[in-house]
Amino acid sequence: MAHDYDLIVIGAGSGGVRAARVAANRGARVAIIEEYRVGGTCVIRGCVPKKLFVYASRFSDLFEIAGSFGWTTTAEFDWPTLVRNKDKEIARLEKAYVSGLESAGVEIIRDRAVVTGPNGVRIARDGRKLSARYLLVATGGHPHVPDIPGHELGFTSNEAFHLERLPHSVLIEGGGYVALEFATIFAGLGVDTTVIYRGRRILRSFDDDLRTGLEAAMQERGVKFIYETTIRALGKQGDEISVQFSDGVEAPFGGVMFATGRRANTRDLGLEQAGVTLTDRGAVEVDKYSQTSVPSIYAVGDVTGRVELTPVAIREGWYFAETVFNHNPMAVDHSLIGTAVFAEPEVATIGLTEAEAATHGDIDVYVARFRPMINTLSDSLQRMLLKLITAADGGKVLGVHVLGPGAAELIQMAAIPLGMGATKADFDRAMAMHPTAGEELVTFKAPSYRYRGGAKV
Ligand SMILES: Cc1cc2nc3c(=O)[nH]c(=O)nc-3n(C[C@H](O)[C@H](O)[C@H](O)COP(=O)(O)OP(=O)(O)OC[C@H]3O[C@@H](n4cnc5c(N)ncnc54)[C@H](O)[C@@H]3O)c2cc1C
């Protein structure tokens, strides 16, 4: 049966755009359907605007230490200017995404799509039905908001990029990277910031030294933390939002943000009716080639709930197109993925944490803690931490963890030797570059401590 297209992609975000372009470059007739803005979460209301806001928030730290370098500064911050300039940049990027798709010959349909069967979709607005040999679900995810009384008074990362004005105080619920990055942003821009988290410590699954180090550094920057507590209800109290905590305490805040995780965009998408199996968290279940339980339907990116990061979605989209349209089966390796938290200070990590590595065998742990050079002339007490974890006695490097300026850039580079299976000797062979923070990673002499038989010695 002749189809309208070889491929219909639902969702023009990181994964969908890459898949559409690669498939079209391989000669496929491709349409991509997008209900909001081309570029998806990362470009429109995720990585990109977030990092621009983080940059904005870091100026306050620089102003603070500027005096010790001889500068006199008077600084004022204007939120609408930041939002306007960020919007301009996002519009520029969206245009670039559109022209990239168009020049590859991809047809862009700006609407919502619903899956009607193994090869069919319906366009929501005009009811048009389209068919394709393959469908790719790349619909991403959305912020999860707890179902509590008054939840509509709060906002999520989606709205945070367009607040009309900065609140004088903010309560952020969550302990993951979105919560901590926005705490960094708000605190740096002068907002009295509190993070509330149901767990015992922020950043579950990160190395413990990064977790405690980041918490301490953010506290020093004025961020308050409330642990093992949740928000039970929100109410309106004049211009303020009154917050009821699970421990019975009540307090007013200028704004409340939910950073309480994300859920896959699979609701009312017609997937189950088409025979696509979902996981118990509502994500699309896929095999290593991103194929769903329906052979003609594939899914990539956040909607599959594998690793919710842009470069992963992009790689999955690319490998899908390579597998299906170039007959070259390629499976993404999700095992060694570096990740960063663009908080202040920055945190980045790759490989095993100390706790994980210690259960895998005998290991050596090398730790450097010091004041980054930029702080040495000032009173700033902010310290940097670099940790290298290797198999015992100079074996394979198992994990690298960094807290401090440039952490993400360092870990991006460390990802190369780790992927190649580098040993401590390989790191040591690299000539140090001075004065840098990263030189610590190639000049460690004796381990700071070791684990033998699972015990720290
Ligand atoms: C605040 C925030 C900060 C982040 N920071 C980072 C970071 O620093 N680094 C990083 O790697 N990742 C970051 N991420 C995660 C990153 O944004 C996602 O992993 C990435 O965007 C996933 O890409 P995707 O293609 O799966 O989905 P998305 O980019 O979410 O794209 C999905 C698209 O599908 C559209 N859509 C959904 N349903 C339909 C439908 N039925 N019909 C038509 N269109 C539909 C949506 O409108 C959307 O445009 C961040 C996320 C957030 C929320």
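Colleague: How far apart in sequence are the parts tied together by the salt bridge between Arg26 and Glu322?

Modeller: In this predicted model, the side chains of Arg26 and Glu322 meet in a salt bridge, with N to O at 3.4 Å. Arg26 lies in the loop between α1 and β2, whereas Glu322 belongs to helix α8, so the pair ties together parts whose separation in sequence is 296 residues.

Colleague: Which helices hold Lys50 and Glu181?

Modeller: The side chains of Lys50 and Glu181 form a salt bridge at 2.7 Å, N to O. Both residues count as buried, Lys50 at 8% relative accessibility and Glu181 at 1%. The pair ties together parts that are 131 residues apart in sequence, since Lys50 lies in helix α3 and Glu181 in helix α6.

Colleague: Against which helices do the buried residues of α3 pack?

Modeller: Helix α3 has 20 residues and reaches 28 Å from its first C-alpha to its last, close to the 28 Å expected. Its buried residues include Lys50, Phe53, Val54 and Ile65. The helices that these buried residues pack against are α2, α4, α5 and α6.

Colleague: Which residues are joined with Asp209 into one salt-bridge network?

Modeller: Asp209 is found in helix α7, and with a relative accessible area of 18% it is buried. Among the residues it touches, not counting those up to four places away in sequence, are Leu385 and Tyr449 as well as the charged Glu354, Arg369 and Lys387. Salt bridges that share partners join Asp209 into one network with Asp207, Glu354, Arg369 and Lys387.

Colleague: Which residue stands opposite Phe258 of β14?

Modeller: In strand β14, Gly255 and Met257 point one way and Val256 and Phe258 the other, and all are buried. Four bridges join β14 to strand β8, and the two run parallel. The residue opposite Phe258 is Glu173.

Colleague: What is the area of the nonpolar surface patch that includes Phe69?

Modeller: Phe69 lies in the loop between α3 and α4, where it counts as partly exposed at 41% relative accessibility. It makes the patch together with Phe59, Leu62, Phe63, Trp71, Ile374 and Leu377, and the area is about 740 Å².

How values were computed: Residues are numbered from 1 along each chain as its sequence is written. This is a predicted model: local features need pLDDT of at least 70, side-chain atom pairs count only at pLDDT 80 or more; totals for chains, interfaces and linings use all residues. Side-chain values use heavy atoms; hydrogens and water are left out. Buried means under 20% relative accessible area, exposed over 50%, partly exposed in between (1.4 Å probe, protein chains only). Contact means heavy atoms within 4.5 Å. Patches are made of residues with over 30% relative accessible area and no salt bridge: like charges are joined within 9 Å, nonpolar side chains (Val, Leu, Ile, Met, Phe, Trp, Tyr) within 5 Å. Accessible areas come from the Shrake-Rupley method with a 1.4 Å probe; for residues, only the protein chains shown count as cover. A salt bridge is a side-chain nitrogen of Lys or Arg within 4 Å of a carboxyl oxygen of Asp or Glu. Two strands pair if DSSP finds at least two bridges between them. The expected span of a helix is 1.5 Å times one less than its number of residues.
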